Amino acid sequence: MLSLRPADSDDIPLIAALHAQSWRASYRSILPDAYLDERADGDRLAVWRARFASETPLWVRIACWGDEPVGFVCLLPDEAPELGVYLDNLHVRGDQQGRGIGRALMAAAAAEACRIAPGRPLYLWVYERNTDACAVYARLGGEVLERREEDTAAGTRAIALRFHWTDPARLCQPGI
């Protein structure tokens, strides 16, 4: 049975591990192998420690299948409010994909976006070469509004797409 729970600072190592694991599974052709194998764990841990230490409110939900954490989602609503509510992370363990976990995390993030910023769109950035994620977001009704080259955490450059949902409430409806 799938459940979502709020994350707190005790979950930092878990979130960082899920994040790095997801990157190793999905970003092999995007980020250098040496970064993924040697630095991603430490970098993600530092990022999540900093986020939870910030005074800016953080909205993170952890997905659990039974008692086992299998993914997470994070909103950063004030990242670029002129674009909408920013969904910064949505990661599901590779061995758990295809079970509706990502869809449930997306629906929870969309519901929170509607609650905190009614009328604002929801958006996220995804690497263009992460074709599986791009396909999921397109199936969920996301529209690509922007394509740009940006710096990666590994210090390289990659093309990213900005997916946009004008009405995030549609992501909360059954059958998305």
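Helices, such as the one that leads the lining discussed below, are DSSP runs of H or I with at least four residues, numbered from the N terminus. The model is predicted. Its largest pocket has a volume of about 1300 Å³, and one cavity of 30 Å³ or more is counted.

**Largest cavity**

- Rolling a probe the size of a water molecule over the atoms shows where empty space is left.
- The largest cavity holds about 30 Å³ of space.
- Its lining consists of Leu-18, Gln-21, Ser-22, Val-70, Gly-71, His-91, Val-92 and Arg-93.
- At least two residues of this lining come from each of H1, strand E3 (68-76) and E4, and H1 gives the most, with three residues.
- By class, the lining of the largest cavity has three nonpolar, four polar and one charged residues.

**Largest pocket**

- The volume of the largest pocket is about 1300 Å³, and of the 50 residues that line it, Leu-90, His-91, Asn-130, Ala-133 and Tyr-137 are the closest to its centre.
- E4 provides the largest share of the pocket lining, seven residues.
- The pocket lining divides into 24 nonpolar, 14 polar and 12 charged residues.

**Helix H1**

- H1 comprises 15 residues and reaches 21 Å from its first C-alpha to its last, close to the 21 Å expected at 1.5 Å a residue.
- Its buried residues are Ile-12, Ile-15, Ala-16, Leu-18, His-19, Ala-20, Ser-22 and Trp-23.
- These buried residues of H1 pack against H2, H3, E2, E3 and E4.
- Of the buried residues of H1, Leu-18 and Ser-22 also line the largest cavity.

**Helix H3**

- At 1.5 Å a residue, the 14 residues of H3 should span 20 Å, and the end C-alpha atoms are 20 Å apart, which agrees.
- The buried residues of H3 are Ala-40, Arg-44 and Trp-48. They lie on the same side of H3 because they cover an arc of only 55° around the axis.
- The exposed residues Arg-49 and Ala-53 are carried on the face of H3 turned away from its buried side.
- The cover over the buried residues of H3 includes H1, helix H2 (33-38), strand E2 (59-65), E3 and E4.

- Asp-11 is located in the loop between strand E1 (2-6) and H1. Because its relative accessibility is 9%, under the 20% cut-off, Asp-11 counts as buried.
- Leaving aside residues up to four places away in sequence, Asp-11 touches Arg-5, Pro-6 and Ile-62.
- Leu-171 lies in the segment after strand E7 (157-165). Its relative accessibility of 2% means that Leu-171 also counts as buried.
- Leu-171 and Gln-21 are 150 residues apart along the chain, and their C-alpha atoms are separated by 26 Å.

Notes:
Residues are numbered from 1 along each chain as its sequence is written. This is a predicted model: local features need pLDDT of at least 70, side-chain atom pairs count only at pLDDT 80 or more; totals for chains, interfaces and linings use all residues. Side-chain values use heavy atoms; hydrogens and water are left out. On a 1 Å grid over the protein atoms alone, a cavity is a set of points where a 1.4 Å probe fits but cannot get out, and a pocket is an open set with protein on both sides within 12 Å along at least five of seven lines; lining residues have an atom within 4 Å of a point. Grid points are joined across faces, edges and corners, and a volume is the space filled by probe spheres set on the points. Ala, Val, Leu, Ile, Met, Phe, Trp, Tyr, Cys and Pro count as nonpolar, Asp, Glu, Lys and Arg as charged, and the others, Gly among them, as polar. The expected span of a helix is 1.5 Å times one less than its number of residues. Buried means under 20% relative accessible area, exposed over 50%, partly exposed in between (1.4 Å probe, protein chains only). The arc is that of the directions from the helix axis to the C-beta atoms. Contact means heavy atoms within 4.5 Å.
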